[in-house]
Amino acid sequence: QVQLVESGGGLVQAGGSLRLSCAASGRTFSSYAMAWFRQAPGKEREFVAVISRSGGFTYYRDSVKGRFTISRNNAKNTVYLQMNNLKPEDTAVYYCAAESTNRPLVAAERWYRGDYWGQGTQVTVSS
């Protein structure tokens, strides 16, 4: 079992930045490819970014490329999402997820399902 706890959400003006953190329990954190998803009101949950088990590979949805950065610290059992130049359309509840996979990350939005999920943290971007 892996428990995931997100933090770092909040209210920010457009153009601002936030850093989300996701702390994982357990000793096998480095066995999981970690991802961030988000869900806006009235919309389906969507993939945001994923990072490989070692942290050496990442993959993003097109709309956040160049603005968001996913990273991880396996010694601290934590994955991060640095979000810069935030836009109102980034407003959503952000969830982290863990999946025990070593497959290439390309097109992860099509196959990443997540074995474990956090409870989410709210990000609100005002215009």
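Which residues have the most contacts inside the largest nonpolar core? They are Met34, Trp36, Leu81, Met83 and Tyr94, in a core of 29 residues. The model is predicted. The chain holds one helix and 11 strands, and one disulfide is counted.

**Overall build**

- Read from the N terminus, the elements follow the order β-β-β-β-β-β-β-β-β-α-β-β.
- The C-alpha trace spans about 40 × 25 × 25 Å along its principal axes.
- The radius of gyration is 13 Å. A compact globule of 127 residues would have one near 14 Å, so the chain agrees with that expectation.
- Take the contacts between residues at least 6 apart in sequence: 58% of them join residues at least 24 apart.

- Of the chain's 127 residues, 47% count as buried.
- The accessible surface comes to about 6600 Å². Carbon and sulfur atoms account for 45% of that surface.

- In soluble globular proteins, nonpolar side chains tend to be buried together.
- The largest nonpolar core here has 29 residues. Several strands each supply at least two residues to this core: β3, β4 (33-39), β5, β7 (68-73), β8 (78-83), β9 and β11 (121-126).
- Another core lies apart from the largest one. This other core has 12 residues, including Val50, Ala97, Trp111 and Tyr112.

**The disulfide**

- A disulfide is a covalent bond between the sulfur atoms of two cysteines.
- Here, cysteine 22 is joined to cysteine 96, with an S to S distance of 1.9 Å.
- Cysteine 22 sits in strand β3 (residues 18-24), and cysteine 96 sits in strand β9 (residues 92-99). The pair therefore ties together parts that are 74 residues apart in sequence.
- The torsion about the S-S bond is about 45°, so the disulfide is right-handed.
- Are these two cysteines buried or exposed? Cysteine 22 has a relative accessible area of 0%, so it is buried. Cysteine 96 is also at 0% relative accessibility and counts as buried.

**A closer look at serine 52**

- Where is serine 52 placed? This residue is in the loop between β5 (46-51) and β6 (58-60).
- Serine 52 has a relative accessible area of 10%. Buried means under 20%, so serine 52 is buried.
- Leaving out residues up to four places away in sequence, serine 52 touches Ala33, Phe57, Arg72 and Leu105.

Technical notes:
Residues are numbered from 1 along each chain as its sequence is written. This is a predicted model: local features need pLDDT of at least 70, side-chain atom pairs count only at pLDDT 80 or more; totals for chains, interfaces and linings use all residues. Side-chain values use heavy atoms; hydrogens and water are left out. A disulfide is a pair of cysteine sulfur atoms within 2.5 Å. Helices (H or I, at least four residues) and strands (E, at least two) are DSSP runs, numbered from the N terminus. Buried means under 20% relative accessible area, exposed over 50%, partly exposed in between (1.4 Å probe, protein chains only). Contact means heavy atoms within 4.5 Å. A nonpolar core is a set of buried Ala, Val, Leu, Ile, Met, Phe, Trp, Tyr and Cys residues joined through side-chain atoms within 4.5 Å. The radius of gyration is taken over C-alpha atoms; the globule rule is 2.2 Å times the number of residues to the power 0.38. Accessible areas come from the Shrake-Rupley method with a 1.4 Å probe; for residues, only the protein chains shown count as cover.
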